[in-house]
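Trainee: Could you walk me through this structure before I start on my own notes? I would like to go slowly and ask things as they come up.

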Amino acid sequence: MEVNLNQLKQHKSIEKKEYKTELEKYQRRLLSLQQLLFREKIGLLIAMEGVDAAGKGGAIKRLTAQLDPRGIVVHPISAPAPHELRYHYMHRFWRKLPQHGQIAIFDRSWYGRILVERIERYAAKEEWKRAYDEINHFEKLLTDDRYILIKFWVQISKDEQLRRFEERQNNPLKRWKITEEDWRNRNKWDAYTDAAEEMMRRTDHDYAPWHVIEGNDKKYARVTILRKTVEHIEKYVLESGLNLPEYSLFGA
């Protein structure tokens with residue numbers, strides 16, 4: 001995948017009425033697909049990446065809002081704990097894989113190896129360069145064995161990020177969302193952008209595709225992520241020779 005993140009046209013938006021209609025439609029369709037995946041013992045992995053303040057958490061909230069909570073887990077990924085550093089960096093992700101028939105969403109993922117660990121030099125050059133092949137093999141191994149894998153990169157403009165940072169800083173109810181690390185990462189915008197573009201270029205495959213989401217309009221981003229998730233699962237179901245569920249049973 002060739003993409004220039006700084007040149008994305010962030011003009012896409014959706015009106016509030018249409019947003020509510022589309023959100024409900026795709027949430028219900030995803031619920032019925034969750035039940036199908038459970039019956040057929042097919043696992044679903046969603047990796048959510050993007051720039052700071054892009055709206056990943058809000059998108060995940062809408063993705064999971066109508067799902068059966070017994071069949072889904074969300075993993076917020078931060079820096080590895082001291083004991084995790086004693087293992088191969090993929091070890092902590094293997095341990096978080098869902099059972100077949102279950103769903104796992106990663107709020108940041110194994111791609112930290114070739115993003116933050118690369119930029120901040122937590123990984124040596126030979127380590128993060130080797131990680132492209134390691135990740136490709138990891139994802140191919142999973143998708144060859146009844147796992148569906150979808151990867152999202154949510155992008156906002158640099159000006160929009162600044163606006164959201166300042167809003168968080170000035171709102172006591174949102175201040176917990178902003179840290180000194182966020183401001184420090186903003187100063188490395190170009191380095192992170194270059195790393196993300198190379199990451200998508202080298203790890204985008206039919207079995208584990210990247211979807212770049214224009215995120216300046218949060219409502220548009222949320223609906224688009226839901227729609228692309230549903231479409232990818234439906235494609236997998238049809239290619240597997242299975243029947244799609246009757247969405248009319250859920251009012252959509």
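This is a predicted model: local features need pLDDT of at least 70, side-chain atom pairs count only at pLDDT 80 or more; totals for chains, interfaces and linings use all residues.

Trainee: Okay, which residues does UniProt list for "domain: Polyphosphate kinase-2-related"?

Mentor: The unreviewed UniProt entry lists residues 14–235 under that name, and in the model this span is 51% helix and 14% strand, with its end C-alpha atoms 25 Å apart.

Trainee: And what does the "coiled-coil region" annotation cover?

Mentor: That annotation, also from an unreviewed UniProt entry, covers residues 9–36. In the model the span is 75% helix and 0% strand, and its end C-alpha atoms lie 36 Å apart.

Trainee: Which residues of H6 are buried?

Mentor: Glu 160, Gln 161, Arg 164, Phe 165 and Arg 168 are the buried ones. They cover an arc of only 140 degrees around the axis, so they sit on the same side of H6. As a general point, an α-helix has 3.6 residues a turn, so residues three or four places apart point the same way.

Trainee: What covers the buried residues of H6, and what is exposed on the other side?

Mentor: The cover includes helix H7 (180–186), helix H8 (189–203) and helix H9 (218–239), whereas Asp 159 and Asn 170 are exposed on the other side of H6.

Trainee: Switching to charges, how many salt bridges are there?

Mentor: The count comes to 21 salt bridges. One of them pairs Lys 174 with Glu 167, at 3.2 Å from N to O. Lys 174 is partly exposed, with a relative accessible area of 25%, and Glu 167 is partly exposed as well, at 32% relative accessibility. Through salt bridges that share partners, Glu 160, Arg 163, Arg 164, Glu 167 and Lys 174 join into one network.

Trainee: What about Lys 151 and Glu 139, are they buried or exposed?

Mentor: Both Lys 151 and Glu 139 are buried, and they form a salt bridge whose closest N and O atoms are 2.9 Å apart. Lys 151 lies in strand S4 (residues 147–155) and Glu 139 in helix H5 (residues 125–143), so this pair ties together parts that are 12 residues apart in sequence.

Trainee: How far apart are the closest N and O atoms in the Arg 92 and Glu 84 pair?

Mentor: In that salt bridge they are 4.0 Å apart, and both Arg 92 and Glu 84 are buried.

Trainee: New topic, which residues have the most contacts inside the largest nonpolar core?

Mentor: Those are Trp 110, Trp 153, Met 200 and Ile 233, in a core of 72 residues. Leaving aside neighbours within four places in sequence, Trp 153 is in contact with several residues, among them Leu 5, Val 51, Leu 115, Met 200 and Trp 210.

Trainee: Last one, where does Gly 101 lie?

Mentor: Gly 101 lies in the loop between helix H3 (91–94) and strand S3 (103–107). Because buried means under 20% relative accessible area, Gly 101 counts as buried at 6%.

Trainee: Which residues does Gly 101 touch?

Mentor: Not counting residues up to four places away in sequence, Gly 101 touches Leu 37, Phe 38, Lys 41, Ile 42 and Gly 43. Leu 30 is 71 residues from Gly 101 in sequence, and their C-alpha atoms are 14 Å apart in space.

Definitions and conventions:
Residues are numbered from 1 along each chain as its sequence is written. Side-chain values use heavy atoms; hydrogens and water are left out. A salt bridge is a side-chain nitrogen of Lys or Arg within 4 Å of a carboxyl oxygen of Asp or Glu. Buried means under 20% relative accessible area, exposed over 50%, partly exposed in between (1.4 Å probe, protein chains only). Helices (H or I, at least four residues) and strands (E, at least two) are DSSP runs, numbered from the N terminus. A nonpolar core is a set of buried Ala, Val, Leu, Ile, Met, Phe, Trp, Tyr and Cys residues joined through side-chain atoms within 4.5 Å. Contact means heavy atoms within 4.5 Å. UniProt positions are given in the numbering used here, feature names are shortened, and annotations may be inferred rather than shown by experiment. The arc is that of the directions from the helix axis to the C-beta atoms.
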